[in-house]
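Trainee: Could you walk me through this one? I have not looked at it before.
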Amino acid sequence: MLKPRTVCATVVLAGAVLATAAVPAAAVAAAPARAAVVCPTGWGSLAKSDSDSTVAPVRDIRTGRHDCFDRMVVDVPGAASGDLGYSVRYVDRLYQDGSGRHIPVAGGAVLEIRVAAPSYTAETGEATYPARAGHPLPGVNLTGYRTFRDARFAGSFEGETQVGLGTRARLPFRVLELPGRLVIDVAHSWTAGG
């Protein structure tokens, strides 16, 4: 014969098992379906440029991953919107300004990014961005990126900063000029799917 305490414990345990089994089914039914991402595709891969310039120096270069593209941001605090010049284009090989030295950049294609801003102070020549020519960009880790493969500092010469960005292939890109920064987005593909 079962003792009342054993019967009560068995009922509580059975109720807990039934409640636990019911929760996952309810949670699955309540989870919203993720909507398909539609990505822009009309950027093209031709060179993009703006002839403005600034004496405000480059302070940082950082990257980020998004659903439709990988992003590079060149921070130039003090540069007003419309004052930041640039040239961004695909090249066969990256050559350093001034010396003409070839800087190897890994990837299926290489974007040369020139920002019309020095990475040093004009008055003293002191570096404002701690990068070395031919080396990866400091603090940039491209592990897990869908499009970016390599990012190399080429140098800063006559008021322009030059960077090589290795991509998986020649893909569409856009350039956005915002107050204090230049943004380069490179699409994951040529199609509208994410």
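Trainee: What does the accessible surface of the protein chain come to?
Mentor: The accessible surface is about 10700 Å², and 58% of that belongs to carbon and sulfur atoms; such areas come from the Shrake-Rupley method with a 1.4 Å probe, and for residues only the protein chains shown count as cover. Please keep in mind that this is a predicted model, in which local features need pLDDT of at least 70 and side-chain atom pairs count only at pLDDT 80 or more, while totals for chains, interfaces and linings use all residues. Residues are numbered from 1 along each chain as its sequence is written, and side-chain values use heavy atoms, with hydrogens and water left out.

Trainee: And how many of the residues are buried, as a percentage?
Mentor: Buried residues make up 39% of the 194 residues in the protein chain, where buried means under 20% relative accessible area, exposed over 50% and partly exposed in between, with a 1.4 Å probe and protein chains only.

Trainee: Okay, new topic: how many helices and strands are there?
Mentor: The protein chain has one helix and 11 strands, taken as DSSP runs numbered from the N terminus, with H or I over at least four residues for helices and E over at least two for strands.

Trainee: Which strands form the sheet of five?
Mentor: That open sheet has the order β1-β4-β7-β9-β8 with antiparallel pairing, and two strands pair if DSSP finds at least two bridges between them. Its edge strands are β1 (48-50) and β8 (148-157), each of which pairs on one side only. Within the sheet, β7 (residues 109-115) and β9 (residues 160-167) pair over seven bridges, and E112 stands opposite G164 in β9.

Trainee: What about the sheet of four, what order does that have?
Mentor: The order there is β2-β3-β11-β10, again an open sheet with antiparallel pairing, and its edge strands are β2 (60-65) and β10 (173-178). Strands β2 and β3 (residues 69-75) pair over six bridges, with R71 in β3 as the bridge partner of G64.

Trainee: Which residues touch the most others in the largest nonpolar core?
Mentor: In that core of 33 residues, they are M72, V76, L137, I184 and V186; a nonpolar core is a set of buried Ala, Val, Leu, Ile, Met, Phe, Trp, Tyr and Cys residues joined through side-chain atoms within 4.5 Å. The largest share of the core, four residues, comes from β7.

Trainee: What is I184 in contact with?
Mentor: Leaving aside neighbours within four places in sequence, I184 is in contact with residues including M72, V88, L111 and F148, where contact means heavy atoms within 4.5 Å.
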